[in-house]
Protein chains: 2
Amino acid sequence: MKTVLFSETLEQQIRAAIKDHDLDQLSALLTEEHPADIADILDRLKHDDRMRVFRHLPPEQAAEVLSETDVGATRALVHSLTPDEIRILFHQISIDDVVEILGEDLPRERQELLATLEPDEARAIRAMLAYPPRSAGRLMTEAFIRVQATMTGGEVLRLLQHSGQDAENINDLYVLDEQEHLQGVARLRDVLAAPPERALNDILEHSPVTVAPETDQEEVARLVSQYDLLSLPVVEVDQRMLGIVTVDDVLDVLVQEGTEDVLRLGGVQSGATDETYFGVPIIRAIQRRVGWLLLLFLTGIVTVNVLELFEGVLEQQVALSFFIPLLIGTGGNTGAQTVSTIVRSLALEEVRLRDVWRVVGREITGGLLLGILLGIVGFGLTLLLGNTLAVALVVSLTIVAICTWANVMGAVVPLLVRRLGLDPALVSAPLITTLVDATGLTIYMLIAKLVLGL
Amino acid sequence: MKTVLFSETLEQQIRAAIKDHDLDQLSALLTEEHPADIADILDRLKHDDRMRVFRHLPPEQAAEVLSETDVGATRALVHSLTPDEIRILFHQISIDDVVEILGEDLPRERQELLATLEPDEARAIRAMLAYPPRSAGRLMTEAFIRVQATMTGGEVLRLLQHSGQDAENINDLYVLDEQEHLQGVARLRDVLAAPPERALNDILEHSPVTVAPETDQEEVARLVSQYDLLSLPVVEVDQRMLGIVTVDDVLDVLVQEGTEDVLRLGGVQSGATDETYFGVPIIRAIQRRVGWLLLLFLTGIVTVNVLELFEGVLEQQVALSFFIPLLIGTGGNTGAQTVSTIVRSLALEEVRLRDVWRVVGREITGGLLLGILLGIVGFGLTLLLGNTLAVALVVSLTIVAICTWANVMGAVVPLLVRRLGLDPALVSAPLITTLVDATGLTIYMLIAKLVLGL
């Protein structure tokens with residue numbers, strides 16, 4: 001059983017072999033390993049060592065490793081290779097992997113590298129690179145099984161005997177007409193179960209789920225997972241078939257999109273899809289954060305103005321200022337909870353735009369319940385800390401109001417962003433927290449003025 | 001092409017057919033649809049309408065729909081069915097789907113429902129339910145292809161002709177000995193490419209990746225995605241094969257885990273894996289949030305004490321209190337960014353425990369850079385708002401210190417939680433924000449005392 005522990009030992013063994021210049025040992029360690037495991041180790045090695053290990057791999061294995069390394073390692077490796085070496089490597093891996101490397105990892109070197117490839121290959125890659133990043137067109141492969149409706153089961157099996165090895169998925173046989181239009185899909189299991197002389201026409205599924213090459217990878221993943229597909233055909237408007245997106249690419253997409261969702265919720269702009277923590281130069285990591293941080297900082301300046309506005313109230317009751325961090329913090333936490341719930345529900349299409357009033361109703365109720373509960377606790381604690389009944393009342397009423405308000409903001413802002421045609425995942429927890437800060441302070445000060453008669 | 005828009009229209013058509021009591025139209029609408037699409041619509045219908053549509057489905061389709069509905073709809077449907085009806089439905093779907101329904105959706109009714117099933121079936125289901133929730137044992141199916149090493153390619157094809165239809169994956173043929181020990185895996189594409197008289201023994205992969213039935217579903221998903229598998233064999237310690245986890249279950253796992261990660265980062269405890277926003281009663285949704293919210297509220301009380309402690313400083317320089325929300329807000333935002341980055345990197349194993357000092361070094365540098373940048377902006381803005389040079393200096397120095405501190409906390413707390421053997425995803429953005437609030441205020445007040453000589 002291969003486990004992470006085993007793979008860590010492998011890393012240590014490889015590091016030891018490099019240190020001892022024991023090349024035989026290095027070869028012995030690498031030959032049996034899966035390319036994905038070798039790639040994980042290369043990601044973590046210093047560049048000189050990485051190159052040493054990489055050059056030690058047979059071309060076929062090296063090519064597969066290259067398509068699995070993270071963006072930093074891929075860039076460094078390609079920069080150290082000669083054009084000839086790159087051509088040989090790219091020739092070994094499937095075209096969608098080459099497109100991923102050129103599109104995500106090496107956008108600047110793209111033209112230069114394409115020039116070193118064979119014209120036919122370069123043309124096919126250029127066509128795929130013309131589709132938008134993160135679209136079905138970028139993920140698809142042409143290595144699918146093409147059949148005709150008139151073929152019998154026996155003919156299909158003979159076809160698979162010769163060309164099955166190169167196809168990415170042999171379960172789904174795509175029936176095309178002479179102009180390459182998709183007419184239907186036959187499942188290999190149905191072909192095997194039917195008599196060998198039966199034509200595919202009889203066991204065909206005529207309207208399979210398809211996508212356009214421009215379809216976003218998130219929608220591709222949703223369809224593959226909704227319909228339990230092993231591959232999803234990509235077709236032009238006229239049903240001309242371009243390729244398939246296979247389920248292993250969809251697994252990668254789901255992991256990438258999961259990373260993006262978590263980072264965005266934390267207020268970090270996401271970068272290339274195969275970046276790792278240590279693989280990104282620190283300056284680039286800072287660049288991904290500074291935009292949001294600065295915007296939130298500038299928005300936060302409003303809180304200074306709000307408090308200046310109520311300077312008189314704060315001077316008369318200094319105790320009120322002690323509760324500021326607690327109150328806006330509670331509002332921020334409530335808002336962060338709601339925004340994570342809503343953003344996810346929107347992504348999974350559990351909540352749609354037309355549900356907006358149902359959502360608002362639900363979040364007002366939820367916020368009130370949470371606020372009343374925390375308000376009661378807050379009332380008792382404020383008194384315990386030696387404050388007057390009036391201050392305790394102000395604090396607890398503010399908690400109720402802020403929780404309700406934050407709950408509604410956390411739901412409405414993502415819905416509003418979706419209404420504007422943008423991705424609701426742009427709404428981060430820090431954004432809601434910051435928005436709730438200024439409004440929460442205003443609510444606090446107004447309640448204080450009202451209750452204390454200031 | 002099936003799209004969401006189409007599916008929404010279907011929902012409207014179904015609602016109209018129910019309203020008009022047009023049963024023929026209802027049947028016509030449903031027969032062609034994919035069970036997953038019907039399930040999505042049932043999730044959103046009122047219970048009476050849901051039952052009406054469900055009873056209108058032929059048993060086979062109904063069973064598949066039941067395995068796709070969300071937890072709320074599944075519970076409601078099962079409660080309205082007779083034991084006989086349930087037995088018929090459960091008999092139609094694969095055993096892993098029954099286990100999922102009984103384990104996740106109907107834990108209370110489990111025993112009662114098991115009693116209605118046939119003894120053999122009930123025994124198999126009980127065995128799977130004995131494995132921990134979210135483990136490989138709960139996800140696996142026994143519907144895999146068993147072969148012997150001595151079988152020829154031709155014999156395998158004849159086997160598939162008869163039993164291929166019931167298997168969940170026909171690509172991977174599992175070679176077992178007489179005691180059901182896993183000896184290797186043969187790929188169908190290799191079988192098809194080899195001469196029909198060649199024995200499997202020659203084309204066998206001898207040590208495939210396997211998992212134990214107790215393995216967590218997150219690790220299962222990681223392995224399937226790392227090695228691009230279509231199914232992963234589940235074996236006992238002695239290599240006796242129990243079943244396979246198929247890639248379509250892994251897709252569901254990744255979506256579920258993605259939801260859980262986003263909710264946890266927002267400070268919401270997650271519930272059953274197939275819950276939807278509207279499917280959860282509001283009281284239960286509140287229960288999932290109130291624990292964290294209350295804990296954070298009580299932790300936040302410390303900020304009140306900190307400010308009381310520095311009451312003298314705040315009274316001498318009232319202007320200092322105006323900057324409190326801005327400063328702790330900035331600290332919270334910085335910490336939220338870091339925690340989302342680190343939690344995700346830990347989940348993807350890009351960062352490991354032994355990297356702790358590299359991480360701390362990186363986050364100190366990053367925090368300093370961000371802090372200096374925001375500090376310069378803050379210095380200018382504080383002066384612009386009419387404050388003294390001294391106050392501007394206090395504010396900007398605090399920004400530098402708080403950003404660095406929050407950045408380190410956002411990285412160290414998840415690593416510490418992992419060190420304690422817990423899941424780092426427990427560390428939410430609100431938790432870091434709350435922790436940074438109290439310490440940030442102390443830093444602010446200490447810098448103020450030092451610079452202003454109070």
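Arg134(B) is partly exposed, its relative accessible area being 22% (partly exposed lies between buried, under 20%, and exposed, over 50%, with a 1.4 Å probe and protein chains only). Arg134(B) lies in the loop between helix H10 (119-129) and helix H11 (136-139) of chain B (helices are DSSP runs of H or I with at least four residues, numbered from the N terminus). Its phi is positive, near 60°, in a residue other than glycine. Most residues other than glycine have a negative phi. In chain A, Arg134(A) likewise has a positive phi of about 60°.

The model is predicted: local features need pLDDT of at least 70 and side-chain atom pairs count only at pLDDT 80 or more, whereas totals for chains, interfaces and linings use all residues. Residues are numbered from 1 along each chain as its sequence is written, chains are lettered from A and ligands numbered from 1 in the order in which they are written, and side-chain values use heavy atoms, without hydrogens and water.

Chain A is superposed on chain B by a rotation of 180° with 0.0 Å of shift along its axis, with an RMSD of 0.1 Å (least squares on C-alpha atoms of residues with pLDDT of at least 70 in both). The two copies are therefore related as by a two-fold rotation axis. The same surface serves both copies, as 100% of the contact residues of chain A recur in chain B (contact: heavy atoms within 4.5 Å).

In helix H2 (residues 23-31) of chain B, Leu26(B), Leu29(B) and Leu30(B) are buried. Viewed down the axis of H2(B), the buried residues fall within an arc of 90°, so they line one face of the helix (the arc is that of directions from the helix axis to the C-beta atoms). Asp24(B), Ala28(B) and Thr31(B) are exposed on the other side of H2(B).

Terms used
Helices (H or I, at least four residues) and strands (E, at least two) are DSSP runs, numbered from the N terminus.
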